[in-house]
Structures are given as structure tokens and as C-alpha cells.
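Subject: Handing over a structure

Dear colleague,

Please find below the structure that I am passing on to you.

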Amino acid sequence: REGSKLSVWTDDRALHLEVNAKDDEIVAAPNHHLWLGDGIEVFVDRTPFQGINHDRYPVARKTVEGRQYVFAATPATDGAEVVLLKNRRSSKTKASVKVSPTSDGYKLLASIPLEEIAPLKNREGVVGLTAQRCQVSKTRKREVEYWQAPNKESHARRHHYPLFTVEALKK
């Protein structure tokens, strides 16, 4: 939805995201597949300089590592609030989320520990990063707001991710 805002910053411990979202009806995911409810998805490429001849994650799994974090705007019906997929497989995470209602939607604060997104095979602290907001209606119609990714396949493709240097990750 137009009018939503994303802010991203780091400190010496975590990558932080703040989303101010306009949403008149916050819908929970029916289970731990949080992308089926309202929330944000964050995609991190820990190997942005590896396998650059491969755009698709399934093809490049042996040379690249993608991570997909999903933060729920409201807990799923099974209680899930944060999910991490490593190369599209579920994994444990210490990422956290805090959501508070606003007059026209919600404010979501998410944190991802830097050790979970530390670059592999590059000492410059460079990661690829993109994010999108999911909004689902009660009838389960899904709309996605893309902040950076015009091709709309961040879960499967990586070449459009902007690159960022995280000072705390330089070695």
C-alpha cells in the first residue's frame, strides 16, 4: 500500500528494520507460513559476489546462501511471529519483532542478529538486502508492496538486491 515506510539501520549487534504500514485490517497467517498473512519479508544474500552467473537460488544453492526472514504484523494462528528460511528451508533464528498498532495500521520493529547475516567469503562486510511488505485481505487475497525489487521474485532471484556494507561485519 502506498504510504508505508521502511527504515533500515545497524548497530554493533543487529540489523534493525522499522516499518510504518497503513493497513485497515491486519490479518494473521493461518500457520507458520507467515508470508500468507500481513507482515514484512526481508531477503539477505550473504554471498553477493559468489555465483554471480546464477540469479535463481535453487540453481545456485551450492555457491550462494540466501536468507528470507518473515516478520508477522500479528502472530499467526499457531503463535509464530518470526520465520527464517535458509535457501528456502526452515531454520532457527534469534531474530525478533515487536508490533504496535497505529491510528491507520501498525508500526513493526524487527531485529536480525548480525551473526546470522554475516557475509561469507568476503571481508568487506557486503550483503545484498531487499524487503517487501505483504498485506492479505480476509478473503486471502495477497498484495505485496515492493520497496526495491521490481521483478517481484525476491524469494527466488537475487540479482536485483542492492548491496550494502555493514561496518560491524567488516573483518
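Is E167 buried or exposed? With a relative accessibility of 54%, E167 counts as exposed, because buried means under 20% relative accessible area, exposed means over 50%, and partly exposed is in between (1.4 Å probe, protein chains only).

Before going on, please keep in mind that this is a predicted model, in which local features need pLDDT of at least 70 and side-chain atom pairs count only at pLDDT 80 or more, while totals for chains, interfaces and linings use all residues. Residues are numbered from 1 along each chain as its sequence is written, and side-chain values use heavy atoms, with hydrogens and water left out.

To begin with the overall picture, the protein has two helices and 11 strands, where helices (H or I, at least four residues) and strands (E, at least two) are DSSP runs numbered from the N terminus. Along the sequence they follow the pattern β-β-β-α-β-β-β-β-β-α-β-β-β. Of the 171 residues, 47% count as buried. If we take the contacts (heavy atoms within 4.5 Å) with a separation of 6 or more, 65% of them are accounted for by residues 24 or more positions apart.

Turning to the sheets, β1-β2-β8-β7 is the order of an open sheet of four strands with antiparallel pairing, and two strands are said to pair if DSSP finds at least two bridges between them. The edge strands of this sheet, β1 (5–10) and β7 (96–102), each pair on one side only. Seven bridges join β7 and β8 in the antiparallel sense, and in this region K98 stands opposite L109 in β8.

If neighbours within four places in sequence are left aside, the residues in contact with L15 include W9, A110, I112, I117 and L129.

As for charged residues, side chains of opposite charge can pair when their charged atoms come close. A search of the whole structure finds five salt bridges, each being a side-chain nitrogen of Lys or Arg within 4 Å of a carboxyl oxygen of Asp or Glu. One of them links D23 and R133, with the closest N and O atoms 4.0 Å apart. Since D23 lies in the loop between β2 and β3 and R133 in strand β9, the pair ties together parts that are 110 residues apart in sequence. Both D23 and R133 are buried, whereas R13 and D12, which form another salt bridge with the closest N and O atoms 3.7 Å apart, are both exposed. D11, D12 and R13 are linked in a network of salt bridges.

This brings us back to E167, which forms a salt bridge with K170, the closest N and O atoms being 3.4 Å apart. K170 has a relative accessible area of 43% and is therefore partly exposed.
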